[in-house]
Amino acid sequence: MSVPVEKRQKQRIVIAGGGSTYTAGIITMLLENNDVFPIESIKLYDNFAERQERVAKACEIIIRERLPQVKFSWTTDPVEAFTDVDFVMAQIRVGLFAMREQDEHIPFKHGCVGQETCGPGGIAYGLRTIGPLIEMIDYMEKYSPDAWMLNYSNPAAIVAEACRVLRPDARVINICDMPVCLEEIFARILGKKSRKEFDVRYYGLNHFGWWTQIRDHEGNDLMPELMAYVKEHGYEEHTPQGQHKESSWLETMRAAKDLYAMDPTVLWNTYLKYYLMAPETVAHSDPFYTRANEIMDRREKDTTEECERIVAAGTARDTWFASNEHAMFIVDLACALAFNTQERFLLIVPNNGAIENFSADAMVEIPCIVGKDGYEPLSVGKIPTFQKGLMEQQIASEKLAVEAWLEGSYQKLWQSFMMNKSVPSAKIAKDILDDMIEANKDYWPELH
Ligand code: G6P
Ligand code: MN
């Protein structure tokens with residue numbers, strides 16, 4: 001059905017957000033998968049020259065040692081970046097970790113959840129990201145009109161809604177790795193080699209969804225075994241991987257047990273804890289040392305040091321930068337589009353009736369089949385009142401955020417904060433908003 005491996009043409013990629021802590025891992029993964037997804041060139045693009053260059057110089061060595069035929073370059077010029085590419089892999093973080101710190105600290109100061117993508121922090125981040133992302137889509141459409149953008153920039157829900165409203169026909173696919181990571185955990189709990197040994201049914205919004213079915217390829221139901229485990233342990237496992245080894249993530253994985261109790265007929269995306277367990281999350285957090293601080297002190301520092309070490313040594317043969325298993329979905333998705341694999345992915349797409357009793361114009365996260373012409377959503381059917389109610393409130397909050405950005409409306413942004421289940425009152429919403437406006441003055445449109 002798909003293009004046979006030996007007939008696959010080489011692909012040209014630009015990674016937008018080249019200076020990211022994830023770039024070296026993604027490049028390593030791309031190189032390792034060159035047999036199924038052959039690469040002609042990789043470009044890095046970032047607006048922060050110095051940060052990108054540090055990563056790029058290390059990546060240059062990695063590529064030279066592992067797959068020297070791949071052309072590699074980096075640039076801060078969008079025209080150069082977006083010209084002659086087949087795929088844009090977009091992972092931008094507008095305002096970097098310093099602004100993530102603000103997104104997390106400000107709500108906490110007012111007794112609310114401070115989180116990268118959920119609640120007021122996520123909304124604030126959304127308002128910073130819409131403009132730069134739309135700008136990148138426009139460059140791509142102008143300089144590589146046949147390219148696809150695989151966007152996993154956060155906050156994915158708000159970014160996806162902005163794409164739907166502002167560039168509905170653009171070749172952009174919004175995707176999140178959280179379901180992938182959790183399915184990898186499910187696979188380990190079930191003693192399977194990988195998530196590719198089963199098919200899932202899932203519905204919701206980004207960072208706001210539920211698994212309703214998990215079956216192996218023979219059609220056997222794997223849910224009972226998995227649920228028996230989750231009831232006792234949540235998603236905590238013996239061999240956590242990558243960032244999920246860190247204590248704040250372990251706590252989130254344990255919280256899945258409490259989420260599961262709220263509706264034991266489904267498995268929950270862990271991000272729902274920020275809405276349904278907001279006070280408990282606040283009580284367990286240090287408002288002055290959040291996840292952003294952890295990352296700046298660890299992942300960012302370690303990545304920077306490793307890049308500098310590689311460059312100083314002139315070799316990357318002994319590097320700890322490794323292909324991140326869960327990041328494989330990016331290559332799988334690119335393969336599906338380039339070579340028509342018709343594989344199934346959870347994507348963030350316009351609902352258009354897929355969830356029968358939910359608004360057509362909502363961006364929902366649901367299974368889709370992906371091939372050469374893009375994606376085809378699978379039908380979900382009717383969803384229960386509990387999930388539908390939660391999703392309606394959350395999508396309203398996300399839509400108001402995008403409308404606020406478009407119209408420069410203070411009122412709508414306040415409503416977006418109020419509408420969010422993680423915020424308990426109108427007054428608190430306003431207090432957070434006023435602090436957020438000050439912190440984001442270099443990034444947000446002016447509100448009136
Ligand atoms: C998951 C989510 C991402 C999020 C990341 C945060 O992978 O899907 O949307 O950005 O977690 O992880 P971090 O280690 O940066 O807190
Ligand atoms: Mn995500």
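Visitor: Which residue does I13 stand opposite in β4?

Guide: In this predicted model, I13 stands opposite F87 in β4. The strands concerned are β1, residues 11-16, and β4, which run parallel and are joined by four bridges. On the other pairing to look at, F87 stands opposite W148 in β5, and four bridges join β4 to β5, residues 148-151, again in a parallel run.

Visitor: Which way do the side chains of strand β4 point, and are they buried or exposed?

Guide: The general idea is that in a regular strand the side chains alternate between the two faces of the sheet. Here, in β4 (residues 87-90), F87 and M89 point one way while V88 and A90 point the other way, and all of them are buried.

Visitor: In what order do the strands β7, β8 and β9 form their sheet?

Guide: The three strands form an open sheet in the order β7-β8-β9, with antiparallel pairing. Its edge strands are β7 (198-205) and β9 (267-268), each of which pairs on one side only. Strand β8, residues 208-216, is joined to β9 by two bridges in the antiparallel sense, and W210 has W268 in β9 as its bridge partner. Helix α15, residues 385-407, lies across β7, β8 and β9 and runs at about 60° to β7.

Visitor: Which residues coordinate the manganese ion, and at what distances?

Guide: The manganese ion, ligand 2, is coordinated by C176 through SG and by H207 through NE2, at 2.3 to 2.5 Å. Because C176 lies in the loop between β6 (172-174) and α7 (178-189), and H207 in the loop between β7 and β8, the pair ties together parts that are 31 residues apart in sequence.

Visitor: Why does C176 count as buried, and why does H207 count as buried?

Guide: Buried means under 20% relative accessible area. C176 counts as buried because its relative accessibility is 8%, and H207 counts as buried because its relative accessibility is 4%.

Visitor: How should I read the crossing of helix α5 and helix α16?

Guide: Two packed helices are described by the angle between their axes and the distance between the axes. For α5 (residues 119-143) and α16 (residues 410-419), the axes come within 9 Å and cross at roughly 145°. The contact is made by P120, I123 and L127 of α5 together with L413, S416 and F417 of α16, and the crossing in which α5 passes α16 is right-handed.

Conventions:
Residues are numbered from 1 along each chain as its sequence is written. Chains are lettered from A and ligands numbered from 1 in the order in which they are written. This is a predicted model: local features need pLDDT of at least 70, side-chain atom pairs count only at pLDDT 80 or more; totals for chains, interfaces and linings use all residues. Side-chain values use heavy atoms; hydrogens and water are left out. Two strands pair if DSSP finds at least two bridges between them. Contact means heavy atoms within 4.5 Å. Axes are lines fitted to C-alpha atoms, for helices over the stretch in contact, and angles run from 0 to 180 degrees between N-to-C directions. Donors are N, O and S atoms within 2.8 Å of the metal (3.2 Å for Na, K and Ca); water is not among the atoms, so sites may look incomplete. Buried means under 20% relative accessible area, exposed over 50%, partly exposed in between (1.4 Å probe, protein chains only). A crossing is left-handed if the near helix is turned anticlockwise from the far one by less than a right angle, and right-handed if clockwise.
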